[in-house]
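Hello,

Here is the structure we talked about handing over. Please have a look, then read my notes below.

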Amino acid sequence: MAQSLELLLIQFLMPDNDARRQAEDQIKRLAKDPQVVPALVQHMRTAKTPNVRQLAAVLLRKKITGHWAKLSPQLKQLVKQSLIDTITMEHSPPVRKASANVVSIVAKYAVPSGEWPDLLPFLFQCSQSEQEDHREVALILFSSLTETIGNAFRPYFADLQALLLKCLQDETSNRVRVAALKAVGSFLEFTHDGDEVIKFREFIPSILNVSRQCLASGEEDVAILAFEIFDELIESPAPLLGDSVKSIVQFSLEVCSSQNLESNTRHQAIQIISWLAKYKSSTLKKHKLIIPILQVLCPLLAESTNENEDDDLAPDRAAAEVIDTMALNIPKHVFQPVFEFASLSCQNANPKFREASVTALGVISEGCLELMKSKLEPVLHIVLGALRDPEQMVRGAASFALGQFAEHLQPEIVSHYESVLPCILNALEDASDEVKEKSYYALAAFCENMGEDILPFLDPLMGKLLTALQNSSRVLQETCMSAIGSIASAAEQAFIPYAERVLELMKSFMVLTNDEDLRSRARATELVGIVAMSVGKVRMEPILPPYIEAAISVIVLPLNTGFGLEYSELREYTHGFFSNVAEILEDSFAQYLPHVVPLAFSSCNLDDGSAIDIDECDDEIANGFGGVSSDDEAHDEPRVRNISIRTGVLDEKAAATQALGLFAQHTKTSYAPYLEETLRILVKHSGYFHEDVRLQAIISLKHALTAAHAIFQSQHEGADKAKELLDTVMNIYMKSMVEDDDKEVVAQACTSVADIIRDYGYATLTPYLAQLVDATSLLLREQSACQQIESDSEIDDVDSAHDEVLMDAVSDILPAFAKSMGAQFAPIFGQLFEPLMKFAKSSRPPQDRTMVVACLAEVAQNMGSPIASYVDRVMPLVLKELASSEATNRRNAAFCVGELCKNGHEPALKYYDNILRGLHPLFGESEPDDAVRDNAAGAVARMIMVHPESIPLHQVLPVFLRVLPLKEDREESMAVYSCVSTLVLSSNPQILSLVPELVNLFAQVVVSPVETPEVKAVVGRAFSHLISLYGQQMQPLLSNLPPAHANALSSFAQRS
């Protein structure tokens, strides 16, 4: 075999493709025989050319796994000795390196079984050799062996530490220093034991010294290796940094601010700061490093970018990303330094600094939203001033910042529309297309949440936008379409006068097929869906077919050509369009399912386009030799260093996953033919690696469950199928609650669970109860996977990393249980009460406390009398919240106090005086919020209903009636008007002294378009009772009413 194999290896390396293919086929056949191992070993040692020796080693690495166990002891010894000989005697570095890779594979099997006792002593001996080549290859092997037989090194850990430190300081060989750095990185990945970790802190000064020396001598690639090691340190859950974090930050700041260094090197340094902000933010706080970091990064925003430079590596862009990360993770410490930088830089003579001032404010607006909301006036003063700057770059940055504010500082930013919108309207006329584009973006983000406030601006805005849509470049047309979509969403029915013109213009965009036009087509498709949602089914259904046909034609676009962002984005927006149309048409959409569902399936099943870079891959020599060099038995692949994913495909998958759920929700039983495949995809996507796709799968599973419930009702064995599906969905949700690391995904799982509890009832959910309670408890204790924070942090309650949206969703599960179980919820509530009350501490932010109060209110409402045993614990909190500066907190507290009085029985009675004192200010003119006042009225009504004798009605009723009718919260209607009616029907003397006020109130209620017939009937009975008591004496009171009111009251009296 040896001779024929050598010829085949030589033939394989020939440039002739046919010869290569023939050689590959024959090598494949020979490689199935264990005797290929000694033959490859011989050629690795003795072949005349290095290329053949290297190829033999590459093949040996691939084949040795499958054949090792079949080799005789003598052959195994031959392999081991030959490998050691090659490492020590081979002159060609590629051959030596390829042989070292074979050692890693063999060692995986031979060392643990005791078959290679002299390997580690040999490596230690090599690492101290006088020959540079020997020292380097020993360190390379230490790196790779750590991954396969790391435990074998544990007894030698102290010796290895000393060796690596010595090699890091090797002054004669750059290659040895580089190999030592790589070895340190490998050991850091492997090491998690506390004592061993502490020893690695001692490496940091040496690594920094080596890096500084290398930077000074122009060897930047070595410095980058150091940053990769720091990456490992930072991302490790073990507290690997200690006090060395100060040195690392100082070094990183030196590098990222050195303009003479390569962009990539500076970018790596900036990334270190980013990782620290993300994973070790409390460490930055502890060592007071935040201000020094921002003092370097903020000026980097003003650095001019080299035109030939990769945008992703540009220091100003990288600095902006890090400041954003810091704002998201440590907002309270970031806002003030950045605001001070912006306040000073906005007056700088250098326009780059004026640009940096507004860029910085835009970048931190998401993370520092609460602090920025409280300082909106001075912040807007800077940004609106920059929008009038003579320099285009400054005006563009100001438009971008305004767009960020509009996106993240809701709803407060909208209240400034009178000063902001005219500035944006001016910017739409800017001479620069770049400023115009960013202004459209700002306009789109700003208008989306304006609601009816947009109406005075609607005509001038649409006039400018419709003109721009017909006379601008493609890029401007696209951002213009986004702005029109936001305006349509805000204006709703008021958009109807503009809808026909917009839709007519979109027809020409929706048939574009050139690659460069597909993004415009995507935006147009999205806009038609948004306009349709605003205008409604009646006007849209007759005119939708041509737009649906244009969207369906996307299906026949070639999937195998131009498979980049443009096609993917078009399909993404097409899924969104069909989702909107399904919502409008509901079951009428069923006729389009055969066309649109396969498109969604196709997108869901797309390859992610993972691009994998393999470290130390010497298979390149084989140039397509994959078929030969891999087999079913060879699982020992090199370490994957980097996986990059095409984000366009991710967005498309997320949109398609969302669409499937909405199709199921809106077409219900018509969706039956697609249900099985949809569920397969949704179950798969619920465990997808990217949170955007997981989130849509979690949402869509609930919609699919609803549709399946309707479908299975008419099927034989439907009940069994429904139970099986519910099992699957609930298990996914409970797993996500505990194990998913994304807070938004977990929040959605909690929301879906709460909906299922309400929809299906306690009996159906009994099998999941214990697990659900455990998951909810874990989240309330902030111990789930998505709530984990770094282990070396010292985070206090105020800076807790919990998320408001997440905890609102978690706390919604408790009322859902209570509503489903009633008083039976009491034992479970007992388990969850203490973890919940942790969020009510005075050190917690107001939104935490009101979350607790709202949760307690709904539990009290639905659980009933068992809440009495908690009254003494929660009433002091609720009374305090009645005086909160936040309207939401006062509203929830008023609702809660009413429910505690209604179901709290005797324990609540002793608080009545304090409650009335706390509620009184909410009835006065100093209370600006109608919903707060309505809930205060509801609370008083409940108190009167359960203990009228404990209320001073002669004092309370005039104040109570003065705030009626209810203005906003109709959920309080039944409680409030039932209370009034009960007092009237019982002929209570205190209320009968207020008959004129009652008649006026009753008249307003019965003519109200928003009150229910049930509420009106309650009022009608009370009015009939007054008629029976006072007869003709009521006539003057009725005469004082508007005729429509008087007639409505009279008709109710006759019905009663």
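**What I found**

Ile10 sits in helix α1, residues 2–12. Bear in mind that this is a predicted model. Ile10 is partly exposed, with a relative accessible area of 38%. Together with Leu7 and Met14, Ile10 forms a nonpolar patch on the surface. The accessible area of the three together is about 270 Å².

**A buried histidine**

His575 belongs to helix α32, residues 565–585. With a relative accessible area of 1%, His575 is buried; the cut-off for buried is under 20%. The side chain of His575 makes a polar contact of 2.9 Å with that of Ser603. Leaving aside residues up to four places away in sequence, His575 also touches Leu599, Ala600, Glu652, Ala655, Ala656 and Ala659.

Buried residues in α38 include Leu725, Val729, Ile732, Tyr733 and Met737. What covers the buried residues of α38? The cover includes α36, α37, α39, α40 and α41.

Helix α45 runs over residues 887–903. Its 17 residues reach 25 Å from first C-alpha to last, close to the 24 Å expected. Of these 17 residues, 13 are buried, so α45 is largely enclosed by the rest of the structure. His905 follows α45 and has a positive phi, near 55°.

**Salt bridges**

Side chains of opposite charge can pair when their charged atoms come close. The structure holds 41 salt bridges. Here are some of them.

- Arg212 pairs with Glu254, with the closest N and O atoms 3.0 Å apart. This pair links distant parts of the chain, 42 residues apart: Arg212 is in helix α12 and Glu254 in helix α14. Arg212 is partly exposed at 33% relative accessibility, and Glu254 is partly exposed at 33%.
- Lys702 pairs with Asp759, with the closest N and O atoms 3.0 Å apart. This pair also links distant parts of the chain, helix α37 to helix α39, 57 residues apart. Lys702 is buried at 11% relative accessibility, whereas Asp759 is exposed at 52%.
- Asp930 pairs with Arg933, with the closest N and O atoms 3.1 Å apart. Both lie in helix α48, 3 residues apart, so about one helical turn separates them. Asp930 is partly exposed at 32%, while Arg933 is buried at 13%.

There is also a network of salt bridges, which links Arg96, Glu132, Asp133, Glu136 and Arg175.

Best wishes

How values were computed:
Residues numbered from 1 in each chain as written. Predicted model: local features only at pLDDT ≥ 70, side-chain atom pairs only at ≥ 80, totals over all residues. Heavy atoms only, no water. Helix = DSSP H or I, 4+ residues; strand = E, 2+ residues; numbered from the N terminus. Expected span 1.5 Å × (residues − 1). Buried < 20%, exposed > 50% of the residue type's maximum accessible area, 1.4 Å probe, protein only. Polar contact = N/O pair within 3.5 Å; in protein donor to acceptor, adjacent residues only side chain to side chain. Contact = heavy atoms within 4.5 Å. Patch = residues over 30% accessible without salt bridge, like charges linked within 9 Å, V, L, I, M, F, W, Y side chains within 5 Å. Areas by Shrake-Rupley, 256 points an atom, 1.4 Å probe, with all protein chains shown as cover. Salt bridge = Lys/Arg side-chain N within 4 Å of Asp/Glu carboxyl O.
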